Amino acid sequence: MKVIMKKIFFALVIAALALTGCESRLNIDQKGVIGQENFYQTEADAQSALTSAYYMAGRWFSNSMQTTAGWNDCPWLCIWEYASDDMFVAGENKGDGASGNEIQTFRATMDNASIQGAYEAYYMIINACNLVICNFENKEGVTPTMMSCVAQARVLRAYTQHLIALAWGTAPIVREILPV
């Protein structure tokens, strides 16, 4: 009986300790992360945000653009090269690269994964530009460096909007930050 009582006592002590944890020690700020409300303050933040927009645009020409399409070819090739005679879309088997083959053989519709992914990728670039423009354009104490970053983001956004117009015709012009 004594052994059972000891086991029950220890079980109750362990349960009490488990249920009365120090919650204040669990609420710690994540290291290496700056909240959006604390960012977009300094010249360095403006340059960092612009660098992010350029990085996003650079990914357009490589195969590392992560969109809902999930393809492994770059958006630039999908939209501008697959339909030309300059490339041949090939793969391991007949089903590999099916959305690219649809574009190359002029059978693609608007529900083609590559076309949808490229459209999404363009607006990812525009959103990165809008983060710079909207957060630094009318800020108090704007410096020449911040104004330069805003101007560069405007040019990159206009170029991206131009490419959308070339590929799809008239498309929505987005001048605010899109919800993610």
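**Residues and helix packing**

Me: N127, buried or exposed?
Reply: N127 is buried, at 11% relative accessible area. Buried means under 20%, exposed over 50% and partly exposed in between, with a 1.4 Å probe and protein chains only.

Me: What sort of model is this, and how are residues numbered?
Reply: It is a predicted model, where local features need pLDDT of at least 70 and side-chain atom pairs count only at pLDDT 80 or more, while totals for chains, interfaces and linings use all residues. Residues are numbered from 1 along each chain as its sequence is written, and side-chain values use heavy atoms, with hydrogens and water left out.

Me: Back to N127. Which helix is it in, and what does its side chain reach?
Reply: N127 sits in α6. Its side chain comes to 2.7 Å from the backbone nitrogen of L178. That is a polar contact (N or O atoms within 3.5 Å, one able to donate a hydrogen and the other to accept it; neighbours in sequence count only if both atoms are side-chain atoms).

Me: And Y123, where is that?
Reply: Y123 is also part of helix α6, which covers residues 113-136. It is buried, with a relative accessible area of 10%.

Me: Which residues does Y123 touch, leaving out those up to four places away in sequence?
Reply: Y123 touches Q161, I164, A171, P172, V174 and L178; contact means heavy atoms within 4.5 Å. With P172 there is also a reach from the Y123 side chain to the backbone oxygen, at 2.5 Å.

Me: How far from Y123 is I164?
Reply: The C-alpha atoms of Y123 and I164 are 9.0 Å apart, although 41 residues separate them in sequence.

Me: What about Q161, buried or exposed?
Reply: Q161 is buried, at 15% relative accessible area, and it lies in helix α7. Beyond four places in sequence, Q161 touches Y123, I126, A171, P172, I173 and V174.

Me: How do α6 and α7 pack?
Reply: Helix α7 spans residues 144-168, and its axis is 8 Å from that of α6, at an angle of about 155°. The two helices are therefore roughly antiparallel (over 145 degrees; under 35 is roughly parallel, 65 to 115 roughly perpendicular, the rest oblique). Residues in the contact include Y119, Y122, Y123 and I126 of α6 and A153, R157, Q161 and I164 of α7. By class, 19 are nonpolar, three polar and two charged.

Me: Now the other side. What is the angle between α3 and α6?
Reply: Helix α3 (residues 43-59) crosses α6 at roughly 165°, and their axes come within 8 Å. That makes α3 roughly antiparallel to α6. Among the contact residues are A46, A49, L50 and A53 of α3 and I125, A128, C129 and V132 of α6.

How values were computed
Helix = DSSP H or I, 4+ residues; strand = E, 2+ residues; numbered from the N terminus. Axes fitted to C-alpha atoms, helices over the stretch in contact; angles between N-to-C directions. Nonpolar A, V, L, I, M, F, W, Y, C, P; charged D, E, K, R; others polar.
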